[in-house]
Amino acid sequence: MFFYLSFLRPPPRTVSANAKDVLITPQIANDLRTETFEGHVDIWCCWIHESPTGAVRQPSRKLTAWKGSSSSYKAIPVDLPAGRKAGQSWRLALWVPGRSSSSLPDDVIDLCPTLGSAKFGISILPVTSSPILFGQGGKKEGPKQERIWRSYALPISPPTLSSVDVTSEQTDRSLITIVEQTSFDLDKKIWDSGLGLSAWLTELCRTDSALAQSKPIVQELKDLLLSPSGFTAVELGTGIGVVSLMLATVLEPFPGSENRHILATDLESAIPLIEENFASNKPHYTASLSAATLDWEQDLEKCEALQDIGAIDLIMPLLVSFPPFPLSMEEASAPNDSLLDVADSAAEPPMIDTDALDVSAQPLKRKFDALDIEDDAKIASGSGEGRKEGDDAPRTPPSKLPEFKPSPDFWFEDGNIVLLALCLVAPVHGQSHRIFRQVHDTFFKVHRSRLCCDGSIFATMFTLPQGESSKVDGQSASMPIRFADKPRRFTALLWALYALPAELRSINHSAENCMKLIDIATAAQKYAFKTTEEWALSCLVDLVKTSNHLGERKINPWRIFALATLCNSEELRQAMIDKIRERASQGKLHYSWVVTIGESLGIPELLGAGYYEIVIQNPQHWNEDGKLNEAMVQKLYVGFCKLVTFKDTLFSTPMPIANHQCPLDPNQCRARWNLLWKEGQQEGTERIPSVHVLGHLKSFADYLRRSRAYPGPCHPAWVASVEAKIKELENPLRLYEFFRG
């Protein structure tokens, strides 16, 4: 199993060149993004600009420290590249140090780092954003990106062996770039199986590879691939076309490219992206690559995609995640001795090399554990609840079915699909062996048509061929479809799928339904019920805006922010920020609580206002409730010094009047403004702390509005300039700059 860097909160497609930073939320997880990487590693970043003369990379820097699930929803500001200009496009690259090849850029994946692919996967796979276009003024950020890029370096061996040993560092390389979707669809992304098979084929095609010596059938495959007469291959479940594209690129130096024909097949929705990847990498190959929709439930002879391809020499199925896949080589009229299992069934799949990454001793993955917003939110809040030490140990499903516990609400006798939701709890501590207890295991019997609606992943899953009807999961309680999720969460999703219109209309009228809506949105996002997810998020936005229960158990801000990040809902995130600031300004929430939320989730809009409201108090009261940690108190001292210095500098000379020219006597106007500036600082400011810059400016603005000693056409411009400065400093992002280290 590989782990991939990606964006849970992606950067925007466009941003103003005048902006300072963009917010992202990095994620390290498996290919399906259901298992979070639980190690501790540093994430680095750099900006890349594609100029006519080549890629220009700005200096790399550490972005953040990844600490497992507690980092999953933290929004991180990334400073925009220096020297950016309107009209330019830049990409943001993320990676984890610990690469095996120093000759490649950090954001490039070395598909075969050494002779022998056993070490492939020793580092977390890097990611690059799509190009971000910088605009001139206007709205700060455009819509979020929906695509990511990954670049792969392929070692290209010479057609004939040289008398000199060729190492991977000396071998020529082709650099191909693959585009993926950031959605949770089963297609349009890279899978472990595709990456593993690509690495294996890449190594096999090297002229100095020893893989062919392992089995006669492997040598036959190599002879077929390197034959000048070419071959015809079909890839099943290609996803984004990675195996077909990499195979064509690796074989390019060998004679016979014009005789190689590779057909990549997948769902109809994936075909445009496959063709785009083929087209963008066309300079690296001359073989015939094509993409087509293939329905696996049809006989191969009846598939339109295969009518013109002729005899098939090689079939590459990539659905290793579905062991019951029934499309056997017998159905393709191939003899049994032509079956080649690339994986060694006696060995574990390739895993991350912890020594190379220098990660903590925590286990690298949690088996059979779904993404859990509730527990992760508790960790982030510091409540002490949720997972405890040792909870991230590997979890395995039980060997026997649990006691039959049908759902009281969603066990329909006329249903035709049986599902079993399993939830495992933490191990018993203090024992030499970890013991997992299975709780909340619930059986559901529902209607297949309901699960297939709204473009969900169930619709895709049920289109897969099922084999013998007597052995198909989901037909009875003795053979249910098992999945890892909280029964409460899945029950909430089913409620939304079965509810009557009157029930749906009333759900956002009470804060009691907040957790139910969070469960619906989380499950809908996980299983790709798109419109159901959008509806639940919309209800939550309405609930947050109208509720007065913020900070209580009914509306937990950590869970709301975690959900907003997971679902990439800027509307929900902003509604939560506005409500917290509103309640804090009314005295209903302590600003130390606001700062704690802001720091734990990386929300600068809360940190700016929160720190400022604390720092303008007497320092003896900054942490009287003891809720601020040492780092937070240190930021208060930093902000105090910066604000006092800023205030002294600001009021040392009269403020310039922007975009104004006196129509009468400019010299007399300037003299009056200087006098007013001096007098205004002495009026009613004795009790305002020197650190309270906004207080001094607002006091001066009030004095200026009241003053009629110097009436004239310039007076409105003076007032407008001061009000503009106040508005600038009231921006929480501007305020937070005073408290950053």
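# Exercises on helices, cysteines and loops

Helix 11 (residues 514–526) and helix 12 (residues 530–546) pack at an angle of about 150°, their axes lying 8 Å apart, in a model that is predicted.

**Helix 11 and helix 12**

Task: work out whether helix 11 is roughly parallel or roughly antiparallel to helix 12, and then describe their contact.

Solution: 
- Start from the angle, which is about 150°. Angles over 145 degrees count as roughly antiparallel, so helix 11 is roughly antiparallel to helix 12.
- Next comes the handedness: helix 11 and helix 12 cross in a left-handed way.
- Now look at who takes part. Helix 11 brings C514, L517, I518, I520, A521, A524 and Q525, while helix 12 brings T532, E533, W535, A536, L537, C539, L540 and L543.
- Finally, sort these contact residues by class: twelve are nonpolar, two are polar and one is charged.

**The loop between these helices**

Task: find A528 and say what its phi is.

Solution: 
- A528 sits in the loop that runs between helix 11 and helix 12.
- Its phi is positive, at about 65°, although A528 is not a glycine. Most residues other than glycine have a negative phi.
- A528 has a relative accessible area of 12%. The limit for buried is under 20%, so A528 is buried.

**Helix 13 and helix 15**

Task: describe how helix 13 (residues 557–566) and helix 15 (residues 591–601) pack.

Solution: 
- The angle here is about 30°, and the axes are 11 Å apart. Angles under 35 degrees count as roughly parallel, so helix 13 is roughly parallel to helix 15.
- The crossing of helix 13 with helix 15 is right-handed.
- On the helix 13 side, the contact uses P557, W558 and F561; on the helix 15 side, the partners are W593, T596, I597, S600 and L601.
- By class, six residues of this contact are nonpolar, two are polar and none are charged.

**Around helix 14**

Task: compare what can be said of N568 and R573.

Solution: 
- Begin with N568, which lies in the loop between helix 13 and helix 14 (570–585). N568 has a positive phi of about 55° and is not a glycine.
- With a relative accessibility of 29%, N568 counts as partly exposed.
- Move on to R573, which belongs to helix 14. R573 is buried, its relative accessible area being 3%.
- Then list the contacts of R573, leaving aside neighbours within four places in sequence: they are R9, L23, F561, A564, I603, P604 and E605.

**Helix 1 and helix 2**

Task: decide how helix 1 (residues 192–204) is oriented to helix 2 (residues 216–226).

Solution: 
- Helix 1 and helix 2 pack at an angle of about 80°, with 10 Å between their axes. Since 65 to 115 degrees counts as roughly perpendicular, helix 1 is roughly perpendicular to helix 2.
- W200, L201 and L204 of helix 1 make this contact with V218, L221, K222 and L225 of helix 2.
- Six residues in the contact are nonpolar, none are polar and one is charged.

Task: count the disulfides, and explain the case of C45.

Solution: 
- The rule asks for two cysteine sulfur atoms within 2.5 Å.
- For C45, the closest cysteine sulfur is in C46, at 7.2 Å, so the two are too far apart for a bond.
- The count by this rule is zero disulfides.

**A residue on a loop**

Task: locate Q136 and name its contacts beyond four places in sequence.

Solution: 
- Q136 is found in the loop between strand 11 (132–135) and strand 12 (147–156).
- Its relative accessibility of 63% makes Q136 exposed.
- Leaving aside neighbours within four places, Q136 touches N18 and A86.
- Along the chain, Q136 and S16 are 120 residues apart, yet 5.7 Å separates their C-alpha atoms.

**The whole protein**

Solution:

Note on methods: Residues numbered from 1 in each chain as written. Predicted model: local features only at pLDDT ≥ 70, side-chain atom pairs only at ≥ 80, totals over all residues. Heavy atoms only, no water. Axes fitted to C-alpha atoms, helices over the stretch in contact; angles between N-to-C directions. Helix = DSSP H or I, 4+ residues; strand = E, 2+ residues; numbered from the N terminus. Left-handed = near helix turned anticlockwise from the far one by under 90°. Contact = heavy atoms within 4.5 Å. Nonpolar A, V, L, I, M, F, W, Y, C, P; charged D, E, K, R; others polar. Buried < 20%, exposed > 50% of the residue type's maximum accessible area, 1.4 Å probe, protein only.
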